[in-house]
Amino acid sequence: MAKITFIQPDGAQLTVDATAGMTVMEAARLNQVPGIEAECGGACACATCHVYVDAAWREKTGKAQAMEEDMLDFAFDVRPESRLSCQMKVTDALDGLVVRVPAKQF
Ligand code: FES
C-alpha cells in the first residue's frame with residue numbers, strides 16, 4: 001500500500017491509497033482525482049494522464065521509456081519531470097509519492 005498525493009494547479013491536494021501493482025493513473029481514476037483523464041485506459045496511447053513528478057521522487061519513479069517519451073510529445077506543457085501516470089507502477093517504495101496535475105491535458 002502506498003499513499004500518493006496529487007496536487008492540482010490551484011494548490012489543492014488529494015492524497016489517495018494505492019495498492020502495489022496498480023498504476024498511478026489507476027489510483028487517480030479510482031479516487032476521482034480531477035485532471036487525470038486517461039482516455040486510452042492506460043495503453044500509453046493518449047497522453048491525457050500526464051503528471052509532473054515532484055523533484056524528491058524523480059529518482060524513485062525512474063525515467064520514461066521510449067514509447068512513453070514518444071507519447072509525451074503530444075502532452076501539454078511537457079517538462080523534464082513529466083511522466084504518463086499510466087506508465088508508473090505503484091510499489092511500496094513509492095509510499096508518499098507526490099505528483100502535480102498539469103493545468104490541462106491537451
Ligand atoms: S492513460 Fe492514455 S497514455 Fe496514460
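Good morning. I begin with a salt bridge between Arg83 and Glu68, whose closest N and O atoms are 2.7 Å apart; the term denotes a side-chain nitrogen of Lys or Arg within 4 Å of a carboxyl oxygen of Asp or Glu. Because Arg83 belongs to strand E4 and Glu68 to helix H3, the pair ties together parts that are 15 residues apart in sequence. Helices (H or I, at least four residues) and strands (E, at least two) are DSSP runs, numbered from the N terminus.

A word on the basis of these values. The model is predicted, so local features need pLDDT of at least 70 and side-chain atom pairs count only at pLDDT 80 or more, while totals for chains, interfaces and linings use all residues. Residues are numbered from 1 along each chain as its sequence is written, and side-chain values use heavy atoms, with hydrogens and water left out.

The whole structure holds four salt bridges. Another of them joins Lys3 to Asp17, with 2.6 Å between the closest N and O atoms. Since Lys3 lies in strand E1 and Asp17 in strand E2, this pair ties together parts 14 residues apart in sequence. Lys3 is partly exposed, at 43%, and Asp17 is partly exposed, at 40%. In a further bridge, Asp54 pairs with Arg100, the closest N and O atoms being 2.9 Å apart. That pair links distant parts of the chain, 46 residues apart: Asp54 sits in the loop between E3 and H2, and Arg100 in strand E5. Arg100 is partly exposed, with a relative accessible area of 34%.

I turn to the largest pocket, which contains about 240 Å³ of space. On a 1 Å grid over the protein atoms alone, a pocket is an open set of points where a 1.4 Å probe fits, with protein on both sides within 12 Å along at least five of seven lines; lining residues have an atom within 4 Å of a point. Grid points are joined across faces, edges and corners, and the volume is the space filled by probe spheres set on the points. Which of the 15 lining residues are closest to the pocket centre? They are Lys63, Ala64, Pro80, Ser82 and Arg83. Helix H2 (58–61), H3 and strand E4 (82–84) each give two or more residues to the lining.

Of its 33 residues, Ile4, Phe6, Ile36 and Leu97 touch the most other members. Among the elements giving two or more residues to this core are strand E1 (2–7), helix H1 (24–30) and helix H3 (66–72).

Beyond four places away in sequence, Ile36 touches residues including Met25, Cys49, Val51 and Ser85, contact meaning heavy atoms within 4.5 Å. Ser85 lies in the loop between E4 and E5 and is buried, at 0% relative accessible area.

Finally, Gly41 is found in the loop between H1 and E3 and counts as exposed, at 56% relative accessibility. Gly41 and Leu94 are 53 residues apart in sequence, with 22 Å between their C-alpha atoms. Thank you.

Notes: Core = buried A, V, L, I, M, F, W, Y, C linked by side-chain atoms within 4.5 Å. Buried < 20%, exposed > 50% of the residue type's maximum accessible area, 1.4 Å probe, protein only.
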